[in-house]
Amino acid sequence: MTSVKDVARLAGVSLMTVSRALNNPEKLSPETYQRVRSAIDELQFVPSLSARRIRGDNLQTRTIGVFALDTATTPFAVELLLSIEQTAQQAGWNVFILNLLSNPPTDQNIDLMLSHRPDGLIFSAMGLREVSIPQRLKSKPLVLANCVADDSSLVSYVPDDETGQYRALHHAFNQGYRRPLFINLPKQSLAWEIRQAGMQRACLAFGLAADEHMQYNLSEHDAYWETAVI
């Protein structure tokens, strides 16, 4: 495997000069930087980001670690991860995504994530739910996406389910529909009661009784299959 020493030898410069070319190229003359750049290209050298972070090098890029609980494998939630990546790239940040098979994350999950030395963490989940955040992660810069925790000190970003339900039903009523079928999330989900409030608000705006509408609560087993059958 090509090393920094190989690059320095081919370019005829010191290890410090190669380090400056990687981290602070503005400190080198254009000619010296080009020699190092040519050596890197010829040797196809790829610097180890993790190793440089461990050494404390002054990197210009930043990394966000994302714990993905059911979000990397669920069609409707994968857009959440895509938005995180797009936003991070636009700001010049890198993203490392770790798919979780259970909550809370295992020690192995946490060790793997922290080995990448992320500057910040996002804990994301499919479907608004309460998650358990291990103490090891609470000391890091951390935000929750589409989930909440019992620790009020943690910042959570969640969808406005009530307004979304209200606007959807308000639009249907505006189109002349008066007896829509409500296909709800499982009643045990955190968003169920919130969406019910949005439904009731829309019905009230049109002078309709919410309890007269047909509703079907999906089960927790296979909501996608149930929706297709209905």
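Trainee: What does the accessible surface of the protein come to, and what share of it belongs to carbon and sulfur atoms?

Mentor: Happy to start there, and keep in mind that this is a predicted model. The accessible surface is about 14200 Å², and carbon and sulfur atoms hold 52% of it.

Trainee: Thanks! What percentage of the residues in the protein are buried?

Mentor: Of the 230 residues, 34% are buried. As for secondary structure, the protein has 10 helices and 7 strands.

Trainee: Let's take one residue. Is T71 buried or exposed?

Mentor: T71 counts as buried because its relative accessible area is 0%, and the cut-off for buried is under 20%. You will find T71 in the loop that runs between β1 (62-69) and α5 (78-90).

Trainee: Which residues is T71 in contact with, leaving aside neighbours within four places in sequence?

Mentor: T71 touches A77, V78, L80 and L81, along with S124, A125 and M126.

Trainee: Now to helix pairs. How are two packed helices described?

Mentor: The general idea is to give the angle between their axes and the distance between the axes. Here, take α8 (residues 161-174) and α9 (residues 190-205): their axes come within 7 Å and cross at roughly 35 degrees. That crossing is right-handed.

Trainee: Which residues make the contact between α8 and α9?

Mentor: On α8, look for Y166, L169 and F173, among others; the α9 side includes I194, M199 and C203. Sorted by class, the contact has 10 nonpolar, 4 polar and 4 charged residues.

Trainee: And what share of the contacts with a separation of 6 or more comes from residues 24 or more positions apart?

Mentor: In this protein, that share is 59%.

Definitions and conventions: Residues numbered from 1 in each chain as written. Predicted model: local features only at pLDDT ≥ 70, side-chain atom pairs only at ≥ 80, totals over all residues. Heavy atoms only, no water. Axes fitted to C-alpha atoms, helices over the stretch in contact; angles between N-to-C directions. Helix = DSSP H or I, 4+ residues; strand = E, 2+ residues; numbered from the N terminus. Left-handed = near helix turned anticlockwise from the far one by under 90°. Contact = heavy atoms within 4.5 Å. Nonpolar A, V, L, I, M, F, W, Y, C, P; charged D, E, K, R; others polar. Buried < 20%, exposed > 50% of the residue type's maximum accessible area, 1.4 Å probe, protein only. Areas by Shrake-Rupley, 256 points an atom, 1.4 Å probe, with all protein chains shown as cover.
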